[in-house]
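Take a moment with the sequence and the fold before reading on. The walk below goes from the whole chain to single residues.

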Amino acid sequence: MDDVRNAMRLASKHRSTGDHKMNEHSSRSHLVLTVNAETKNKVSGQQTNGKLSLIDLAGSERVSKTDATGERLKEAQNINRSLSALGDVISALQERKKHIPFRNSKLTYLLQNSLAGESKVAMFVNISPVQSNAQESTCSLNFASRCQKVALGQARKNIDSNEIVKYRKVIDDLQAQIASIQRVNGFKASTPKKTKKRKQNKPIT
């Protein structure tokens, strides 16, 4: 639990919040918490890897309502751009396209493993009950409807056999030995020596 608390404190320091016309404590970035878990079967030696990603998406903003300027305007543009990239990924998944644009933003790149088809995904959409935000609420519900139509397929376990685990340990040990030797001797990248150009004999005329 101490590791979890330390990670949460570190994330809290990096979390960006700010105020604008509609929200005094508005999130100025998305929040992604990733937990990697590994289990090992002591009898068979099989190792199972799992990843849990908890994502709190910052809401899209209309500049006409927030009156954001300067740094707040840049943050709003980045938030809307990443949400648009996520929408493109959802559309590509829904249409079962061969190319899914995960690399179009940092957000979708981080979510690639969660949306690649071997995972289970649960999404919660928050909407505002205020009449003046009806347009934003409608957009959020339409996005949720698109996400609901995406079929990712059946989730599968990531299992490494005993032999793979053994080879991975050998690789880790070799990498540790190489790093230790480099620290002791001082690693200097060797540069290839320049080869002298040979003089070409002039043809006899």
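What follows starts with the overall layout and then turns to a helix, a core, a strand and a surface patch.

This is a predicted model, in which local features need pLDDT of at least 70, side-chain atom pairs count only at pLDDT 80 or more, and totals for chains, interfaces and linings use all residues. Residues are numbered from 1 along each chain as its sequence is written, and side-chain values use heavy atoms, with hydrogens and water left out.

Begin with the layout. The chain has 7 helices and 5 strands. Helices (H or I, at least four residues) and strands (E, at least two) are DSSP runs, numbered from the N terminus. Along the sequence the order is α-β-β-β-β-α-α-α-α-α-β-α. The accessible surface is about 17,200 Å², and carbon and sulfur atoms hold 52% of that. Areas come from the Shrake-Rupley method with a 1.4 Å probe; for residues, only the protein chains shown count as cover. Of the 205 residues in the chain, 20% are buried. Buried means under 20% relative accessible area, exposed over 50%, and partly exposed in between (1.4 Å probe, protein chains only). Contact means heavy atoms within 4.5 Å. Among contacts between residues at least 6 apart in sequence, 55% join residues at least 24 apart.

Now follow helix α3, residues 70–94. The buried residues of α3 include E75, A76, I79, L86, V89, I90 and L93.

Several of these names return in the core. The largest nonpolar core has 13 residues. Such a core is a set of buried Ala, Val, Leu, Ile, Met, Phe, Trp, Tyr and Cys residues joined through side-chain atoms within 4.5 Å. L86, V89, I90, L93, I100 and L115 have the most contacts inside it. Helices α3 and α6 (134–148) each supply at least two residues of this core. α3 gives the most, with 5 residues. Leaving out residues up to four places away in sequence, I90 touches F143, R146, C147 and V150. In soluble globular proteins, nonpolar side chains tend to be buried together.

Most residues other than glycine have a negative phi. R96 is not a glycine, yet its phi is positive, about 55°. R96 sits in the loop between α3 and α4 (106–110). Its relative accessible area is 65%, so R96 counts as exposed.

Next, strand β4 (47–56). S53 lies in this strand. S53 is buried, at 19% relative accessible area. Beyond four places in sequence, S53 touches L33, T34 and S114. D56 is also in β4. D56 is partly exposed, at 43%. The C-alpha atoms of D56 and L31 are 5.0 Å apart, though 25 residues separate them along the chain.

V32, I55, L57 and L110 make a nonpolar patch of about 290 Å². Patch residues have over 30% relative accessible area and no salt bridge; like charges are joined within 9 Å, nonpolar side chains (Val, Leu, Ile, Met, Phe, Trp, Tyr) within 5 Å. A salt bridge is a side-chain nitrogen of Lys or Arg within 4 Å of a carboxyl oxygen of Asp or Glu. L57 lies in the loop between β4 and α2 (63–66). At 32% relative accessibility, L57 is partly exposed.
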